[in-house]
Amino acid sequence: MDSEQVDEFVMGYLKKKGFSSTAIQLQEALHHNNNNGGTFNSTDYHNDPELTKLIRSFSQSENDPTRYREGYSKLRSWAYNSLDLYKHELLRVMYPVFIHCYMDLVGKGHTQEARAFFNSFRKDHEMIHLRDLQKLEGVLVPSHLEEMEFARSLRQSKVNIKICQYSYDLLLQYLHRTESTLMLGIINEHINFQVYSGQPNSASDDIDAVTIVGSFQETADHVNQKEIQWGLLEDSLEDRLEKTGSLLTDSEKGQGESKDGDVDDSKKRSTETGKQGSSLKKLKKDKAGNATAKAARQETSTVSPAPRVKPELALPVMSTDVEESILEDLRNRVQLSSVAMPSVSFYTFVNTHNGLNCASISHDGSLVAGGFSDSSIKVWDMAKIGQAGSGALQGESDSNDQNVGPNGRRNYTLLLGHSGPVYSATFSPPGDFVLSSSADTTIRLWSTQLNANLVCYKGHNYPVWDVQFSPFGHYFASCSHDRTARIWSMDRVQPLRIMAGHLSDVDCVQWHPNCNYIATGSSDKTVRLWDVQTGECARIFIGHRSMVLSLAMSPDGRYMASGDEDGTIMMWDLSTARCITPLMGHNSCVWSLSYSGEGSLLASGSADCTVKLWDVTSSTKLTKAEEKNGNQNRLRSLRTFPTKSTPVHALRFSRRNLLFAAGALSKPAS
């Protein structure tokens, strides 16, 4: 390779990479040197053996597609043959290198070579990145790299990879020793290494080991600087109960005493002697209860009370009967903690023949609804099932004897109106309405008292995956395949707000307890928090590695939990948009999440046929040392409730802290 060839290649390389001003300066310097016989000569860098090797490697048919397969294959073999202590960290590099090799081949027009490369190595990454690979399969020509939002975001972003110092040194030594300039260029352009000292972490120890950064991360950081009002509403029922709870108790005692006045004296004496014995038992019971309550209070004493905020929506006026019913439930709420576990009531659907898509339980557990693939919705009244003597929820609507009560009537109410599979159903807080969403792009409002369809809401352009009533009723939120979430009110057929910003399907939606925000989980692996009043995004939560399927808000509005397709649950601090801790334990999709009434426990229901209870209090109390060291032992899975063969579709803590769950019995895989 003579000096003129070196000069030509360097000039061509500078122009190709966009360094036009540098190329002009180099050309002028060479021209001036040739005319004046100066000391500057191309052989200055031609005689450097290391530099000559580098330039030769670039000049050797830069567009040769076989270089990608050879370079990646050698890097892959080296990583898989490394010591087990460092192998899992080195393998983290392989996926970003794989996808960028593929996109580079597509971008240079080598379609056949790109497909062959993709099919040869895709099995290495299918277990973790199956959905991403399915999207990348559609990238076939260079124009797709710009047209497809997913591919464009990958090209513009970088990947953050945590790696120990020794693993990092091993990787660099390999790349320099083998002169893998192509792999080195891809790694340098698309990967940021976060190098730490000490021994490598275990393979599943760090949920943040691989994260996406770049223009999207910058957008998220900018959005997350906004201030949000995460507290509870002023003059809420909980506040009123705290202020007047003792007065209400005294008045109830007064009512009880006035009723006792009607009882004759002989009966009074017998009850008084009985009361003396029972009062001792009650005193001991109260002491035990106070001890557990004190322990629970000590656990949460470090957490400051939630601030009070004003509602941004015009909330409906609650009827006196409903308000009294809620206050009664709150007064009788069982205080749960890590030492006081809840009772669980599980509703099992049978004979559904894989037709059940969703389930919902009313706030008091008295009603259960199921949405089916045949476009029907079925609502069961638990009181009527108890009278009929059958505890099974039959999914089929044919003439099955178990479906028919003693009077020849069905044990459930059949609601027909949708023209496609029903993907979500939700009860209003009092239980007098049901909302359902369907593949037919509509949302329907049903009356549980009239057993009839009242309104059909049209606005989404594609299937509606989820719909949720607000904590106060009247307003509801929906999300769809059209990548948007929408806010509605029962009295209007058009949406009040449209929230757009997700890069893929919006799969789940959840209201904040103060009704000023909604949260959405998406197939783009992010969770967003939206301001209901402005419709703007207030928070972007990045950290999941698969589509987000379920969300839950803590009762004080401070924290949020999100569950994904891989079985990971992440707890977020809404004010900082930081992940407090990941909850690892499920082996399949997390379909439902629910906080207990006081917020000390989190329940999760999964497709792995289990319900798990998590100790939220210990999860949210982080010392600075623990946070810095990333201690994973701070979170406890308190209890696992396995079902025989029933994936858990729905969970709900009642106001009295009884945990309800529902799912469809499935035949175990043979």
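Trainee: Which residues of helix α6 do Trp78, Ala79 and Tyr80 in α5 meet?

Mentor: Contact means heavy atoms within 4.5 Å, and helices (H or I, at least four residues) and strands (E, at least two) are DSSP runs numbered from the N terminus. Here Trp78, Ala79 and Tyr80 of α5 meet Lys87, Leu90 and Leu91 of α6. By class, this contact has five nonpolar, no polar and one charged residues, where Ala, Val, Leu, Ile, Met, Phe, Trp, Tyr, Cys and Pro count as nonpolar, Asp, Glu, Lys and Arg as charged, and the others, Gly among them, as polar. Before we go on, note that this is a predicted model, in which local features need pLDDT of at least 70 and side-chain atom pairs count only at pLDDT 80 or more, while totals for chains, interfaces and linings use all residues. Residues are numbered from 1 along each chain as its sequence is written, and side-chain values use heavy atoms, with hydrogens and water left out.

Trainee: At what angle do α5 and α6 pack, and how far apart are their axes?

Mentor: Axes are lines fitted to C-alpha atoms, for helices over the stretch in contact, and angles run from 0 to 180 degrees between N-to-C directions. Helix α5 (residues 66-80) and helix α6 (residues 84-91) pack at about 145°, with their axes 8 Å apart.

Trainee: How are α7 and α13 placed relative to each other, roughly parallel or roughly perpendicular?

Mentor: Angles under 35 degrees count as roughly parallel, over 145 as roughly antiparallel, 65 to 115 as roughly perpendicular and the rest as oblique. Helix α7 (residues 94-107) and helix α13 (residues 181-190) pack at an angle of about 105°, their axes being 10 Å apart, and they are therefore roughly perpendicular to each other. Val97, His100, Cys101 and Asp104 of α7 make this contact with Met183, Ile186, Ile187 and His190 of α13, and these residues divide into five nonpolar, two polar and one charged.

Trainee: Is Arg486 buried or exposed, and what does its side chain contact?

Mentor: Buried means under 20% relative accessible area, exposed over 50% and partly exposed in between, using a 1.4 Å probe and protein chains only. Arg486 lies in strand β18 (residues 484-489) and is buried, with a relative accessible area of 8%. A polar contact is a pair of N or O atoms within 3.5 Å; within protein, one must be able to donate a hydrogen and the other to accept it, and residues adjacent in sequence count only if both atoms are side-chain atoms. The side chain of Arg486 makes such a contact with the side chain of Asp482 (3.5 Å), and a polar atom of the Arg486 side chain also lies 3.1 Å from the backbone oxygen of Gly459.

Trainee: How far apart are Leu232 and Pro555 in sequence and in space?

Mentor: Leu232 is found in strand β4 (residues 232-233) and is buried, at 15% relative accessible area. Leu232 and Pro555 are 323 residues apart in sequence, yet 8.5 Å apart in space, C-alpha to C-alpha. Leaving aside neighbours within four places in sequence, the contacts of Leu232 include Ala306, Val309, Pro513 and Pro555.
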